[in-house]
Amino acid sequence: MNNHASTSSAELRTFSFGGGWQSMTALVLAARGELDYRTFIMANVGDDSENPGTITYLHRYAMPFAEAHGLELAVVDRVMKRTKEVRTLYQDLTREGSRSLKIPVRMSNGAPGTRSCTASFKIKVIADELKRRGATADNPATVGIGISLDEIDRANKRRCEPHERIEYPLLERGIRRIDCIRVIRSAGLPIPPKSSCWFCPFHRPEAWHEMRRTDPALFERACQLEELLNRRRDELGKDHVYLTRFGMPLRRAIPDGVDTLFDEYDSGCDSGWCMT
Ligand code: SF4
């Protein structure tokens, strides 16, 4: 016998809930007893930052479903250490005097800049919550991440705290995105929209076209955010940055009335913490 048996009995098993297809699939499988998680934790980038469709789905379908099946679905905000106030990603980007460019804005050559949004608004929020719930390096919490087999490239365990153990339950079971649709529908639930910040520069052009067509007011807000960031860049004497890879403002890069025929799946996000 070793000590592991005693520590694992108190093991905190959680799932990082992103609000998208993979997370809903995990929730349904856990409700059926096919996955061993009772606690789902969503790091909320902010109700003003997350795809509004994802927030609606969360309240209308995911939370009632979790509750009906005795699962905990906790939504955790990012709280500033010093002031204890909740800070959303959109607030962080737009607040007066902010020089913060946490999101992966694109340079004029189209390449995304480095980002810290995933680390500070997702990874750290969940890590802090696990610590608060008692996870330690000696008794780490398990965190399930919703990566499906089609996205195997996104599975990397490099972003992990000593008090966490990452696992990929969908990947291990060979579940593909197409299977996610089947699982979610089989529970009588509608398919959730893609989860991500509405202004995420990792959006594919198809996603921007769809936003312009279906939610022009939100598209306009994204254009205005890009303009605000560039007014700040002008003040600092820096090059402009963009939300798309086309090296031009969103308004011009995604012209009105242009439709796209497909939306290939590739988020450009190399972690499993966003868009799952
Ligand atoms: S969805 Fe995009 S903008 Fe939002 S936290 Fe993830 S990488 Fe950053």
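Tutor: Residues are numbered from 1 along each chain as its sequence is written. In this predicted model, local features need pLDDT of at least 70, side-chain atom pairs count only at pLDDT 80 or more, and totals for chains, interfaces and linings use all residues.

Student: Why are H2 and H7 called oblique to each other?

Tutor: H2 (residues 21–31) and H7 (residues 177–186) pack at about 50 degrees, with axes 9 Å apart. Under 35 degrees counts as roughly parallel, over 145 as roughly antiparallel, 65 to 115 as roughly perpendicular, and the rest as oblique. H2 and H7 are therefore oblique.

Student: Which residues of H2 and H7 meet?

Tutor: Trp21, Gln22, Met24, Thr25, Val28 and Leu29 in H2 meet Arg177, Cys180, Val183 and Ile184 in H7. Contact means C-beta atoms, placed from the backbone, within 7 Å.

Student: What surrounds the ligand?

Tutor: 14 residues, the closest being Cys117, Ser196, Cys197, Cys200 and Cys274. Each has its C-beta atom, placed from the backbone, within 6 Å of the molecule.

Student: Where does pLDDT stay under 50?

Tutor: Over residues 1–9. pLDDT is the predictor's confidence in each residue, from 0 to 100. The chain averages 90.

Technical notes: Contact = placed C-beta atoms within 7 Å. Axes fitted to C-alpha atoms, helices over the stretch in contact; angles between N-to-C directions. Helix = DSSP H or I, 4+ residues; strand = E, 2+ residues; numbered from the N terminus.
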